[in-house]
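Thanks for coming. I will go through one model this morning, and I will keep to the local geometry.

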Amino acid sequence: MSSSRKPPSLDAGGPPSPSLPPLAGGGGRFAVSGATPEPGGFGSSGDSPSPRRGEGRGGGLTPSHGGATRTTCAYCGVGCGVIASPDGQGGATIAGDPDHPANFGRLCSKGSALGETLGLDGRLLTPQVGGVEASWDAALDLVADRFRETIAEHGPDSVAFYVSGQFLTEDYYVANKLMKGFIGSANIDTNSRLCMASSVAGHKRAFGEDVVPGTYADLEEAELIVLTGSNLAWCHPVLHQRVQAGGAKVVVIDPRRTVTADGADMHLALRPGSDVALWSGLLGHLFGEGCIDLDFAAHVEGMAGAASAPTLAQVAAATGLTKQELRAFYALWTRTEKVVSVYSQGVNQAADGTDRVNAILDCHLATGRIGKSGCGPFSVTGQPNAMGGREVGGLANMLAAHLDLENAAHREAVQGFWASPAIADKQGLKAVDLFRACADGRVKALWIMCTNPAVSMPEADAVRAAIRNVPFVVVSDIEAETDTVRLADVALPATGWGEKDGTVTNSERRISRQRAFLPAPGEAMDDWRIIAEVGKRMGWAEAFGWSCAAEVFDEWTRMTALSRDFGKVLDLTALEGCDYDAMAPVMWPVGGPERLFADGAFPRGKGQILAPRMGEMPLRDRRHPFTLNTGRVRDHWHTMTRTGRSAKLSLHIAEPFVEVHPADAAALGIAPAGLVRIASAHGAMIARAQVTDRVARGQLFAPIHWTGETASTARVDALVEGRVDPVSGQPALKGMAVEIKALAPAWYGFCVSTARPAADTLYWARARTAAGWQMELAGAETPGDWVAFARDLCGVEAEAVTVLDATKGIARVALIADGRLAGALFAAREPVALSRPHLRDALGEGGAEVLAGRPGNGMPDPGPVVCACFGVGVNTIVTAVAEQGLVSVEEIGAALKAGTNCGACRPELAALIAPRAVAAE
Ligand SMILES: Nc1nc2c(c(=O)[nH]1)N[C@H]1C(S)=C(S)[C@@H](COP(=O)(O)OP(=O)(O)OC[C@H]3O[C@@H](n4cnc5c(=O)[nH]c(N)nc54)[C@H](O)[C@@H]3O)O[C@H]1N2
Ligand SMILES: Nc1nc2c(c(=O)[nH]1)N[C@H]1C(S)=C(S)[C@@H](COP(=O)(O)OP(=O)(O)OC[C@H]3O[C@@H](n4cnc5c(=O)[nH]c(N)nc54)[C@H](O)[C@@H]3O)O[C@H]1N2
Ligand code: SF4
Ligand SMILES: [Mo]
């Protein structure tokens, strides 16, 4: 059933072979590093404890043969080009593609470690019905029958799909076609609702179409870059490197002092939610200073609204910034011609997210700073195909090809193109409403694909209950056990990154191929094909009869004649009939200009400035006096189903945490590294307190990554309310009213184990290590028998060596099997202070001597990992900085190699050179 795969190949390690298609914009403006993998170094999955491909069930797997494949990174919207060289045993060596115009060879820590995530342990390899293995025929028939019956009985709006910005364009196109054109409902929404919906709505209001006008090259050509609501150094690391290479002044607007802010020329730590006031104030200032492009103004409506912009005093009161800070920022923006304003989830994920987007776009429209070299507003996309999903109409309020559900001519054109029996004629349920409709019984059959809403949706506990309430739930995933797969009646195994063929569109509208370089494992099937098989079985064999991804893509490119003919920018028609296998990265409009709107030719005729507003502040109340901010860490991706497989990526930050200001911590009796419980009216989580002035008083920050699979109670979205922006339907994921309390567990613990440890204690958080696993623990009651507890935890009946002191509350247990350390538990009444790297290294090696908890004499403790690629710890770095007098990131690199591969840790290294850095652990 697998599609034809003829990826272009190149000789491993050598220069691109002549048979490779030329890539647009090759060469590169900035230095290429990380292009050549270390021999036997990162990228090989050989050292992971995973079963090898072909060894497992499913049989008949062809081993991948030599040669390398050009593809695109699985993760963020930067869309870096990757060269994957399969090792023939199911793994692959990964390098940056020096010719890809997104990254010119660079990769961040996550991209560099892609090879470590290819193992098959934990993968979903066969269809499951009711938790029991089933054949594809049985599973697909069941899905088609249940959907058909439900529609027949309750109408097309009684079913829904919830899909993902990690879908390839082909997957997305097929899902959208099935729901909107054949089932005849618009009840297909996507996790992009949580991510890009406010940018989509803002673009449509300002330009008349969802278009990002600029290119990555603008980041190098700009003189000023404003990063607002964006932690670029951690979330789009390769773009951050391009920003730094360009040498522009950088301003960061973020309530939190992020690593991105550390490296900026100016950090405006505004009050959460005051973004609209800040940007509206800038618009007023631009008018006041006469910094308006009068020629461009002829192409823009709404200029007069700027008269109602807030005054400097009003902006200062709203943002909590000083007038001096505001004047400095406004003056810099006003006098700099080449300015790019990059924004992301600190802007989109708010109850006034669309207004925030437009407040930024307004300033660029008023000054004509758009579509020209080095200037423009720049919404950076999160997921690898956030942009592609928008093109094919994956959101519940749009049609494919940037056309509108509300427009009868658009509907007719789409239905005509598909020759479909139906066409959705009203908006479908947007994510938050969709799961509410699951809760109250309106949705009776639900298909979730490539996303983990039981973790990532606001009101996640209620969403979990809502999914349980749906009579028939299908989940397509690559993993056998996720919080959402556990709720499925039918679980369908999808092929994952490296196994599937298709296209993705990155933040600068550049379409790149993802190419398979590994065989499909077990019985896994490509997502587009799974959906097409269901479409066929529902009675539409012809409309869903493609034989490979290339045919789907071809149909899609032809469809963009519709957007072109309706005067939209989106146009892929020049790619019709292209050589899909050899396709080089290309921007849309294909064959058109790279930058858009410099001439003021907007799809709607004129650009639109929205009247400035003051914005909406996050809620707080007496019971919930803190504002909870949420977001990402450098080395983890979302719900960790992929990055959690890599030991390198798991050790940068190995457990859920909450940043809390020292004054708040002191007032509430929260000790550094103590445990806290944060709670809202919707739910609660437990995490490690990180006492830091990176957050302001009254604010907290917690990461989104931990799930029911990786921690006891740390799904941050359990707390977040499903309050949405009225224009975009995007939930306010960043500003939640919560309370925080110190917890006083009876004991704290740390464990390492060669087998996957499992606990049922008040708190636990599990992470991969090179030789197995580690777990942070805390318990409400002290176990009566520590040895039994340790054996149970590690799942081994090994010989135990112990140091037990009941009066001091100390318990240390080493479990020795065949003379090697199979597990170790350290417990104490206080958070356990010991050298975690030392213990991790001893696993599978040393014996009872680990009970000392520290390396022997003369062996320094490296501390927590900063550089993931070379595993360099913070203590090693701080010591070298002090002892060798290192003064730059380059010198640290020369001395320790840290920061010399992917460079994602360079901002953190820079911070360690600062005098206040101290050794940890
Ligand atoms: N390492 C890593 N990289 C990723 C991802 C990942 O999971 N891990 N995910 C990808 C995806 S899908 C996305 S969408 C992007 C997200 O990329 P980003 O948007 O950069 O990431 P976040 O950490 O969600 O949030 C960005 C910042 O918004 C700030 N913020 C919170 N409230 C406000 C506010 O009111 N105003 C302003 N101005 N700022 C505020 C937060 O403090 C935070 O630092 O990252 C992508 N890249
Ligand atoms: N509080 C708060 N909540 C947030 C955010 C926030 O900043 N704060 N950010 C939001 C944003 S921007 C996003 S994008 C979401 C992300 O949230 P999710 O989309 O829920 O997170 P992922 O872990 O990326 O889920 C992807 C799932 O698809 C599976 N998968 C991977 N590859 C494939 C494939 O090829 N096919 C199939 N069928 N499955 C596959 C993975 O195993 C995983 O289970 O979270 C949102 N939630
Ligand atoms: S910046 Fe990192 S995660 Fe994003 S596409 Fe590039 S390598 Fe992948
Ligand atoms: Mo996202």
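Which residue lies over the face of Phe-750? Arg-836 does, at 4.6 Å from the ring centre. The rule is that a charge sits over a ring if NZ of Lys or CZ of Arg is within 6 Å of the ring centre and within 35 degrees of the ring normal. Arg-513 has such a place too: its charged end sits over the ring of Tyr-580, 4.1 Å from the centre.

Some housekeeping. This is a predicted model, in which local features need pLDDT of at least 70 and side-chain atom pairs count only at pLDDT 80 or more, while totals for chains, interfaces and linings use all residues. Residues are numbered from 1 along each chain as its sequence is written, chains are lettered from A and ligands numbered from 1 in the order in which they are written, and side-chain values use heavy atoms, with hydrogens and water left out.

Now ring against ring. Rings of Phe, Tyr and Trp (its six-membered ring) pair if their centres lie within 6.5 Å; planes under 30 degrees apart count as stacked, over 60 as edge-to-face and the rest as tilted. That rule gives 26 aromatic pairs. Take Tyr-162 and Phe-435: the ring centres are 5.0 Å apart and the planes stand at 85 degrees, so this pair is edge-to-face. Tyr-162 belongs to strand β7 (residues 159–163) and Phe-435 to helix α17 (residues 431–439), so the pair ties together parts that are 273 residues apart in sequence. Helices (H or I, at least four residues) and strands (E, at least two) are DSSP runs here, numbered from the N terminus.

Are Tyr-162 and Phe-435 buried or exposed? Both are buried, where buried means under 20% relative accessible area, exposed over 50%, and partly exposed in between (1.4 Å probe, protein chains only). Another edge-to-face pair is Phe-167 with Tyr-172, at 5.9 Å centre to centre and 80 degrees between the planes. Phe-167 and Tyr-172 are buried as well. There is also a cluster, in which ring pairs link Phe-147, Phe-161, Trp-447 and Phe-472.

Next, a sheet. Strands of a sheet pair through backbone hydrogen bonds, either parallel or antiparallel. In this count, two strands pair if DSSP finds at least two bridges between them. Five strands make an open sheet with parallel pairing, in the order β11-β10-β9-β13-β14. β11 and β14 (376–379) are the edge strands, each pairing on one side only. On average, neighbouring strands of this sheet are turned by 15 degrees against each other, direction ignored. For that angle, axes are lines fitted to C-alpha atoms, for helices over the stretch in contact, and angles run from 0 to 180 degrees between N-to-C directions.

Look at strand β10 (residues 249–253), where four of the five residues are buried. Val-251 in β10 stands opposite Val-226 and opposite Met-266 in β11. Val-252 has His-267 in β11 as its bridge partner.

On to a ligand. What surrounds ligand 3? The shell includes Cys-73, Cys-76, Cys-80 and Cys-108, along with Tyr-75 and Lys-110; a residue is near a molecule or strand if one of its heavy atoms lies within 4 Å of it. By type, nine of the shell residues are nonpolar, two polar and one charged.

α7 is mostly covered, with seven of its ten residues buried. Among them are Pro-237 and Val-238, which are also in the shell around ligand 3. Just after α7, Gly-247 takes a positive phi of about 80 degrees.

Last, the backbone. Most residues other than glycine have a negative phi, and most peptide bonds are trans. His-402 has a positive phi, near 60 degrees, and sits in the loop between α15 (386–391) and α16 (408–418). His-402 is buried, with a relative accessible area of 7%. Ala-673 also has a positive phi, near 70 degrees, but counts as partly exposed at 34% relative accessibility. Finally, a cis peptide bond joins Trp-588 and Pro-589, with omega about 0 degrees. Pro-589 lies in the loop between β20 (586–587) and β21 (607–608).

Conventions. Ala, Val, Leu, Ile, Met, Phe, Trp, Tyr, Cys and Pro count as nonpolar, Asp, Glu, Lys and Arg as charged, and the others, Gly among them, as polar.
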